Amino acid sequence: MMEALDILTTASLWAAVLRIATPLIFGVLGALICERAGVLNLGIEGIMTMGAMVGWLTVYWGGDLWAGLAMAVLAGMAMGWLHAMLTVPLGLSQHVSGLGITLLASALAYYLYRLWVQVGDLPPTIEPFQPWPIPGLSAIPFLGDVVFTQTPPTYVALILVGLVAWMLARTPMGLALRMTGENPHAVEAQGLNPVRIRIWAVMVGSGIMALGGAFLTTAAFNSFFPGMVQGRGWICIALVVFASWRPGKALLGALLFALFDAFQLRLQTVVEGVPYQLFLMAPYVLSIVALILVARRARVPEALMQPYRRGER
Amino acid sequence: MSGGAVLELEGITKRFGALVANDDVTLSLKKGEVLALLGENGAGKTTLMNILFGHYAADAGEVRVEGRPLPPGKPRAAIAAGVGMVHQHFTLAGNLTVLENIVIGSEPLWKVGSDRDGAARKLMQLSATFGLPVDPEARVGDLSVGERQRVEILKALYRDARILILDEPTAVLARPEAEQLFRILRGMAQGGLSIIFISHKLHEVMGASDRVVVLRGGRVVAERATAETNPAELAELMVGRAVARPKREAHAAGAPVVVAKGLSASAGGGMALDAVDFEVRTGEILGIVGVSGNGQAMLGRVLSGLARLDAGTITFDGRDIARITPRAAVRMGIGRVPEDRHAEGVVGDLAVWENAVLERVRDFSRWGFVRRRAAEAHAAGLIARFDIRGAGPATRTRLLSGGNMQKLILGRNLAAGPRFLLANQPTRGLDEGAIAAVHQELLMARSEGAAILLISEDLEEAVGLSDRLQAISKGRLSEPIAAEEVDARRLGLMMAGVWETRDAV
Amino acid sequence: MRFERREDVSLPALILAPLIAVLAALVLCAGLIAMAGVSPWLAYGEMLRGAFGSRLAVTETFTRASPLILTGLAAAVAFRARLWNIGGEGQFYMGALAAAALGHSALAGWPLPLAWAALAAAGMAAGAVLLLVPAVLRLRFGVDEVVTTLLLNFIVLLIVGLMVEGVLKDPMAFGWPQSVPVAAGLRLPDLVPRSRLHVGIVLAVVVVLLVWLVQARTVFGAETRAAGLNPRAAAFAGVPITATLVKVALLSGGLAGLAGAIEVLGPVGYVTTTMSPGFGYAGIVVAMLAALHPLGVVAASVFVATVFVGADAMSRATGVPSFIADVIMAVALLAMLVALLFTTWRVRR
């Protein structure tokens, strides 16, 4: 037991927490932007897979790591555009369309990967992002090791949380986005176009989700393989609810999750006789528990999953 | 161009499929004028205003503001030209603040940051000028209906509207609130604003407008200066034919059928019920009148078996029905006409015969299998007996008109000869012909001995049909008064929550 | 552009919609195949040959179709009542586990039909219970069942791993993670000799007919339809919404569980963590292509099985990655959504 508690005080655990949280932060922010505009994006799992593949492939083909992230964003936005077209102007079921996007994006990612990359016994690798200690700040004891000695995409994720929170709360764009998720008719009555706002929100949100996938292949690992997203997208969808659609709480949720994950990874090496599957189950079970805990209290955007058609109520 | 017209609509035509909603409509509005657009439900008033505001594009015709044509289908252009619209169903977001609801759309989307303080200052200034007090930081979801309407009006003023359109502005207001609204509008008009309000209430039109345009079947049928017309003339112009609502004939009521004592229920979001008492007797109609949103919905839900009571008892022929389920209610002979026929009355995508037997499908089945032929025969019977037009048993129910859909719902309840009938807003949104038919059926059921509880926001209907009336306000119910003792003033006060209680000395 | 509701959905349009969707998918994916340097004509020809070119190919295709019929039916039944059961994959594995656990030795000495009935019931019960959890969570707490059923798929796969490496581990499998086998006497008989095609497909079709009968003719069917189309109106009319949804959940989960049980009793014989090539997820595609109609499910399952079996053969012959099958499925699903839209709405201007 003491050993378990000792783990909690090591800087390496907390550094790992931030690392594990990074793809979740991207994913949950992306999902949050879509949902705040009133569109549930279950394409997330596939979009993350697509982002992982495209980001990795760009680097494998000789691109810069940052170019990899940029291409991942573009690929994510393309998938998001498709989801937006189907659900916003056409008003199709957001559930089914999102699942379709997930099936399509992952299938396409695997297909293109197999088509363009020769896979031997082991998947080919790239040189991933290295930890980049921020001069000065990384010297702070403990905190320096935990927060300021991460790979660059993690810094991007953290900055993005603040940016999205500020955008939603303090800019006309953010207000229009929130209003679109609450009552698109009100947006239209004020002379703005809710259809266009939703389409852009879904595209931008999807681009950010794709970054979460790209982090996996360009920073956390150095190769791409099928099934690597492992339900992180679905966990993000649960996290958005857990976070009551707020960016700050979303960051907190992602960190809490990552803490459990990092903790169980270390616990596996300490505690013997417990099958590893039980540890692996923890994040999924936790997601469900989190959903149950907040479900009744959540203030859902009122127009979430409501298709908007002009002049119809 | 006529002199002094700030707004002109010329030759506006709009079709929805086979329906012509607006047919070559031409009208104009002068500066500082209050124009009433009068018409029945379905006359095309709202469509016309939606075209003016750019929600719809007209199939033909032109809208001109101060002589300049508005591009069709662009609310943004209408707002920029100084047109503001207060929608009947408020276009507000309940989870956002008053200020947020008002400033949205007023700043360029790509602006970095937002001038909250400046916006709040401008809002408070408008609020003071026009006598429309609001709290900018309040959550709209926490406001009363009257306060929300104020926010809607301020929203238009904030965008510097010079022409204000109000769609059925008093539908949700009590008489005193409505009177205050019209006083404020009058003041605005004197200050130079031009106002169009849509209504189907004659006394409002007579009291508050300078000029009336009457719309019927999508066409302008008449235009009158308010001072030169009278309610009788307007009524005839509006309806177009002499449709007389059936008259209630006095007859003595019998023994109490439904007795409710001390009903209290808490609603999630809506208005709750607070110690409500009433009794309905055989062969009488008890009318519950009130302004929308004062607990009628909850009362309807409780009596339909859809909501649970916190306290109180209801008996039906002496049996306890406080915890009744919808299915048990049907079986006991309680008929229920729901408030919203599309949302609760019928399943639009099912056939007429399926909706006709949905409540009692087990009576039309054997060993778990639906006896379709018997059910269709039953539906055909209802269609014939209740004069449901434009439908056979196999028609998809959503293709029925509102009136025929209501006749189907009424029919499936009345066919079973209910001892008690709950009729919740039975004629909302219907035209005069359908209203007369529904009233006829209700009165017939009454003379056959049914006890009927009529919940209505239409005063004329409630007074015309009911033997006794009770007003509902903030979830409380007044003492009953006999229909013969009713006068408009007393009823208005009762609906605003002012009545003498028996206990008060 | 705006949409206007059509007065009625015509039957030809409903039948045409999936055909157009499938055609659109094949045309769009032809581009992807061409990217691999292979003529799409050749590739699609190889696919057809791989699926129907020989007696063995045909039996393989129908062997693949039979679990799809049941998982597709499971999704269709649930979606009709607006219960978004995306957990077919997990329910399939639960059914498979139940059949293997019970079928190994516990039923020794039971008369054969009774043993089969018990195994089918066990599989159905296991699948049903798994869906009951998300259904109850939605009804009691308002938790979206899409996310919970998806997450349960991952949990179940780990449970399967736990079982086949633990209590159900087959000691005779040379360390391979697979479950104990079903007793040889309990395996379902072959339909075609010297093939993997077994009577499971007949069973699946019978179940389809039963479900169709229930949906079209019974009180339960009528009430589920009403509850799916307009829950408020159905509740007002006295349809017990909660009970109806629970029953639908039990049926849907049960069907997916049955698919797993039959797969174990039929062609496979034991459980592994890779025994389903995504039967649960493909079931969603099947259900949508079938426009949620039970009879359509059979046709859609055969199509999906054709694509998967054919794509494997085509991949071996031409080198086009077999993932093309998944792409075709996904595009067909999305195209079907759009096609269905145009059966109920028409575009104006």
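Predicted model: local features only at pLDDT ≥ 70, side-chain atom pairs only at ≥ 80, totals over all residues.
Visitor: What should I know before reading the model?

Guide: Local features need pLDDT of at least 70, side-chain atom pairs count only at pLDDT 80 or more, and totals for chains, interfaces and linings use all residues. Residues are numbered from 1 along each chain as its sequence is written, with chains lettered from A and ligands numbered from 1 in the order in which they are written.

Visitor: Which residues cover the two faces of β3(B)?

Guide: In a regular strand, side chains alternate between the two faces of the sheet. Here B:Val34, B:Ala36 and B:Leu38 lie on one side, and B:Leu35, B:Leu37 and B:Gly39 on the other; all are buried. Buried means 20 or more other C-beta atoms within 10 Å of the residue's own, exposed 12 or fewer, partly exposed in between; C-beta atoms are placed from the backbone. Strands are DSSP runs of E, at least two residues; helices are runs of H or I, at least four; both are numbered from the N terminus.

Visitor: Which strands join β3(B) in parallel?

Guide: Strands pair if DSSP finds at least two bridges between them. β3(B) pairs with β8(B) over five bridges, and B:Leu35 stands opposite B:Ile196. Five bridges also join β3(B) to β9(B), where B:Ala36 faces B:Val212.

Visitor: Why is α6(C) called largely enclosed?

Guide: Because 18 of its 21 residues are buried. α6(C) reaches 30 Å from first C-alpha to last, close to the 30 Å expected; that span is 1.5 Å times one less than the number of residues.

Visitor: Where does B:Lys474 lie?

Guide: B:Lys474 sits in the loop between β21 and β22 of chain B. Its phi is positive, about 50°, although it is not a glycine. B:Lys474 is partly exposed, with 14 other C-beta atoms within 10 Å.
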